[in-house]
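Hi,

Here is the structure I promised to pass on. Have a look at it first, and then read my notes below.

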Amino acid sequence: MEAVHIKALNFCYNSASSPALTDITLSVGAGELVMLMGSSGSGKTTLLRLMKSETSPLGRLSGEMEISQPRVGYLPQHPEDGFVSDTVRSEILFAPENADISPAEVRRLAAETISRFGIGRLLSRPLSSLSGGEKQLVSLCSVMVMQPEILLLDEPFSRLDPVTAESFASLILRVNREFGTTIIIAEHSSDYLFADCDRVLFLENGRLAADLAPRSAAGHPALHDYLPAAARCFSGHTPLTVREGREMLNALPHAKEVPLEKSPVFEDVLLTADDLRFSFSRSGEDILDGTSLTLHKGEMLSVTGANGCGKTTLLRVLAGLLRPYSGRVLYGGKPLKKSAVKAAMLPQEVTDLFLQPTVIEDYRYALKAMGKPESAAAVMLEKLGCSHLADMHPYDLSGGEAQLCGLGRVLLCDPQILLLDEPTKGLDPVSSAKTGRLLRTFCDEGMAVLTVTHDLDFAAEFSHTCALFCGGRIESLMPTPEFFAASGFYSTAVRRIARDMVKNAFLPKHLQAALGGETDD
Amino acid sequence: MRTLHPLTRLAAVTALLLILMFCRSLTAAAAGLLGGLLCLLLHSGVRSFAKALGGCLCLAAVTAITDPLVSHRGMTVLLFVNSRAYTLESMLYGLQLGLSLGGVTIWLTLARRLLNDRELLSLFGRISPKLALTVSMTLGFIPRLIKKQRRIHEAQRGAGLFADNSPTTLMQEHSAVFGACIAWSAEAAADAARSMNGRGYGKHPSVRSDSRPLARRDMLLILAELCITAAAMVFTVLGGSTQFYPTLTFGRSEPHLTAACVCACLPPVITLAKETLQWKLYTSKH
């Protein structure tokens, strides 16, 4: 039985000159789990929103679209965007209370959902006090309460750390397997659910470039950058999970060790944090509990850690936006106010950086406020390759575009230290790699970059130095090769595949070298 | 006061708000304020009580000191400011105004703490579901807007703005942040509307699933609060107001009005005191 049938669908936003979707033809069977992949701006969100008639964007639509099952649930990319209440209880009850059913039935539906998804302990909590993972869970429950036959999810893992994302992925899989719900999930990352889904749809510039089973999709050239690490390591074979990757590696002849890459030596210290202690209230828990770190000129340091462990707070303290109650931060050996070394911070929500209606106006406004020539605005956009985005509203930019324009806005104040909060959040693998290369260019020019991220592959690929932040402390600050070579559970997928079999391997190129093949580089 | 029906809680708070807003009595205003502070102490603890007390005293002091600067009526001249009389009566009138304002603020604070958004929705949803939802969403939206304003401000500081301390620059920057907040509000409102549509809002009449029935005790308390409020209004008409000019004279019915105000405070104070005792005596100690 078909749940979704789409034939020759075209869609163009009212304000756009080119179509967002062109000639889309696809069919999704009832109970299927389908992954919709593609780069930022390829039309994934538009297609999902068109499947839910109440949230359809405004524009010119042609072609056929039939949704055979009446109850469709949609989870937006940012759960906060979908919240309409203050507390978890109100949020869960909102849909059933507006569905023309009796109060007793409303209570039964809510009680079932609360019990099945185990959110009883969250019920009276304000939505604003929830962690990222809890917000996703509540958002899912507020949709699942109506027991939808089709569930549409828009990048549910983009804001979650690996551990929370894994547990959310298993929850989605359970919804599909146990309730028979048809699930269409738009996602950049193939780390979760790729191996478990029934089909992979790949959108490229608004066109459907591939509609294949996951194992066949692994061999499709357009999907190469989007594949799980296991599939990228073994040319000619298609392992999709860490387990399959380990079995494959075990079966193939391989070197027992790859040489550990030599780490560059940095000398000039630009930023020193010494025994920082920070808490939001006197009686509250210490978010920073004796944090110390050193950042050098030309160095890119990545601090990884779970959601809510205090990474952003550390960055805010380092940027001088919060004051620790003990310890000190020195910029080039001096306190912030006396130092000539400038630091700038890219926040997690990059749209917070924009005060004006277009990107170029915002750059000009910031330059004027900082007493700098406004002509630098166009130069910066040119440098980042974003000149075509100059006249766009910051809220209309895609994730990758917003991240780049935000980076440009931060760079306008000529910082020697760049502090970045989750710079790859919501980016597709291609944009993420582009950001990484750009940051390395800045380091080569003498800038020091500190990023906090839970994107371990990004940290492994582009950082000179890595650290794990846990319990308010930096637990291991060391060169990236040593950091990942020594890591166990909290590591890249390649490291987990190669554990005990290929020493020092933590990137696909390492495993390819161990297998004697050519690397992607 | 969770043992009482939300309507009873609302009735208790509304009675006090009406008395404080419509009765111009120094003693009734003081009684209403003290009752509110006592409720706050019992409900939220010493810290909230001390904060509210400090705020109310400051407010009363400000109105008492500033009122004689604009109103020069009264017989007891304390001093002259710019050749104009600064009178004791005008000061007392300002004090009464401050006490009333402080009392109203405290009872409004209590209303927000005693009634959550679900209960407010369930109470006002019967009269106008759309209005109730708008009020509830607005109440929830204000803290989000404040949080967003702080976040944008911090993002700008982190990206080089707000470094200049000149008042004009700061004002320009703050107005730009405010403009960005308004733009975000419009986006957030559109997202909320889309989400509401997506979840079936507006297709059918809304129901309130967690409404609870009125118990006999609740009905009696609501009736008592209604009677007390009506009596207070009657006492006000019969001379319950304090006369400040030309000299301070307490109204003929002012003791009755004050007694009515104290009576209106009693149900919430007794209920909260009983609950506090219950929590101290009956709950298991670990």
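Two residues are taken to be in contact if their C-beta atoms, placed from the backbone, lie within 7 Å. Please keep in mind that this is a predicted model.

With that in hand, let's start with the two domains of chain A. Domain 1 of chain A covers 2–221 and domain 2 covers 269–502. Their C-alpha centres lie 30 Å apart. How many residues of domain 1 of chain A are in contact with domain 2 of chain A? There are 16 on the domain 1 side, and they meet 16 residues of domain 2. On the domain 1 side, the elements giving two or more residues are α5 (132–144) and α6 (162–179) of chain A.

Now chain A as a whole. Its secondary structure comes to 18 helices and 18 strands. The radius of gyration of chain A is 24 Å, close to the 24 Å that the globule rule gives for 521 residues, so chain A is as compact as a globular protein of that length. Along the principal axes, its C-alpha atoms fill a box of roughly 65 × 60 × 50 Å. Of the 521 residues in chain A, 51% are buried. If you take the contacts in chain A between residues at least 6 apart in sequence, 67% of them join residues at least 24 apart.

Two loop residues in chain A are worth a look on your screen. Leu193(A) sits in the loop between β7 (182–186) and β8 (199–204) of chain A. Its phi is near 70 degrees, which is a positive value in a residue other than glycine. Asn205(A), in the loop between β8 and β9 (207–212) of chain A, also has a positive phi, near 50 degrees, and is likewise not a glycine. Are these two residues buried or exposed? Leu193(A) has 24 other C-beta atoms within 10 Å, so it is buried. Asn205(A) has 15 other C-beta atoms within 10 Å and is therefore partly exposed.

On to where the chains meet. The contact takes 37 residues from chain B and 42 residues from chain A. On the chain B side, the elements that give two or more residues are α5, α6 and α7 of chain B. The largest share of that side, 14 residues, comes from α7(B). Sorted by class, the chain B side has 13 nonpolar, twelve polar and twelve charged residues.

Helix α2 of chain B (residues 26–44) gives another check of length. Its 19 residues should span 27 Å at 1.5 Å a residue, and its end C-alpha atoms are 27 Å apart, so the two agree. This helix is mostly covered, with 14 of its 19 residues buried. Gly45(B) follows α2(B) and has a positive phi, near 95 degrees.

Thr63(B) is in helix α3 (residues 46–70) of chain B. It has 20 C-beta neighbours inside 10 Å, so it counts as buried. Leaving out residues up to four places away in sequence, Thr63(B) touches Gly94(B), Leu95(B), Leu97(B) and Gly98(B). Thr63(B) and Met196(B), by comparison, are 133 residues apart in sequence and 45 Å apart in space, C-alpha to C-alpha. Finally, the peptide bond from Tyr245(B) to Pro246(B) is cis, with omega near 0 degrees. You will find Pro246(B) in the loop between α8 (216–240) and α9 (254–281) of chain B.

Happy browsing, and best wishes

Definitions and conventions:
Residues numbered from 1 in each chain as written. Chains lettered and ligands numbered in written order. Predicted model: local features only at pLDDT ≥ 70, side-chain atom pairs only at ≥ 80, totals over all residues. Helix = DSSP H or I, 4+ residues; strand = E, 2+ residues; numbered from the N terminus. Expected span 1.5 Å × (residues − 1). Buried ≥ 20, exposed ≤ 12 C-beta atoms within 10 Å, placed from the backbone. Nonpolar A, V, L, I, M, F, W, Y, C, P; charged D, E, K, R; others polar. Domains from an automatic or database assignment. Rg over C-alpha atoms; globule rule 2.2 N^0.38 Å.
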